[in-house]
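Please keep the sequence and the structure open beside them as you go.

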Amino acid sequence: MVKRIKENTAVFPTDFYNGYWHMHLPVHQGFINSDQTSRKVKQLCMQTLIERVAYLKDLKPYDQVEYRVVASIDFPSLWNSQIIVFKGNEHFQDFFIREDEDQKWIPLPETRNVRAEWNLDVPEDLSISGFKEIIDDEEGYYENEIWFIGDSK
């Protein structure tokens, strides 16, 4: 898993679709979401995503477009986690607007500390923000947490 994450983020992406590039976890859903998978392995997965965000952030081209690199870490379904690179501030800002009847993102209180909860090493130049996601559509009702760690300032 770690090897594949590193391989998939070895170079800064150049193919953007609708203003972003993303990489989902290159691991089987049944493995990473299983209760049988140790907390240590799940922590390693999250830490690897954070390290690759910092790596890609350092590779950003400095041209006329601003790029933002973030890890999106989902709980309880860690398999939905990914690295996202946004091309342009407009795409970055629009991504976080989730206020319709089917989907809402509610900011989580700053008293939550996902860094401490999972013993994550997060570089000081990366920010952390969390949202409670509520999906209520024709497929049913679902709640989860999404934590964004990265280049969002």
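1. Accessible areas come from the Shrake-Rupley method with a 1.4 Å probe. In this predicted model, the accessible surface of the protein chain comes to about 9000 Å², and carbon and sulfur atoms hold 49% of that surface.

2. On the overall fold, the protein chain has 5 helices and 6 strands, and these follow one another along the sequence in the pattern α-β-α-α-β-β-α-β-α-β-β. The C-alpha trace spans about 40 × 35 × 30 Å along its principal axes. A compact globule of 153 residues would have a radius of gyration near 15 Å, and the value for the protein chain, 15 Å, agrees with this.

3. Of the contacts in the protein chain with a separation of 6 or more, 63% are between residues 24 or more positions apart.

4. Strand 2, residues 67-75, deserves a careful look: 9 of its 9 residues are buried, so the strand is largely enclosed by the rest of the structure. From strand 2, Y67, V69, A71, I73 and F75 point one way, while R68, V70, S72 and D74 point the other way, and all of them are buried.

5. Which strands pair with strand 2? Strand 3, residues 82-87, runs antiparallel to strand 2 and is joined to it by 6 bridges, with a hairpin of 6 residues connecting the two; here the bridge partner of R68 is F86. Strand 6, residues 140-150, also pairs with strand 2 in the antiparallel sense, over 6 bridges, and in this pairing I149 stands opposite A71.

6. On charge, the protein chain carries 17 positive and 27 negative charges, whose mean positions lie 9 Å apart.

Note on methods
Residues are numbered from 1 along each chain as its sequence is written. This is a predicted model: local features need pLDDT of at least 70, side-chain atom pairs count only at pLDDT 80 or more; totals for chains, interfaces and linings use all residues. Side-chain values use heavy atoms; hydrogens and water are left out. Helices (H or I, at least four residues) and strands (E, at least two) are DSSP runs, numbered from the N terminus. The radius of gyration is taken over C-alpha atoms; the globule rule is 2.2 Å times the number of residues to the power 0.38. Contact means heavy atoms within 4.5 Å. Lys and Arg count as positive and Asp and Glu as negative; His and the chain ends are not counted. The place of a charge is taken as NZ of Lys, CZ of Arg, CG of Asp or CD of Glu. Buried means under 20% relative accessible area, exposed over 50%, partly exposed in between (1.4 Å probe, protein chains only). Two strands pair if DSSP finds at least two bridges between them.
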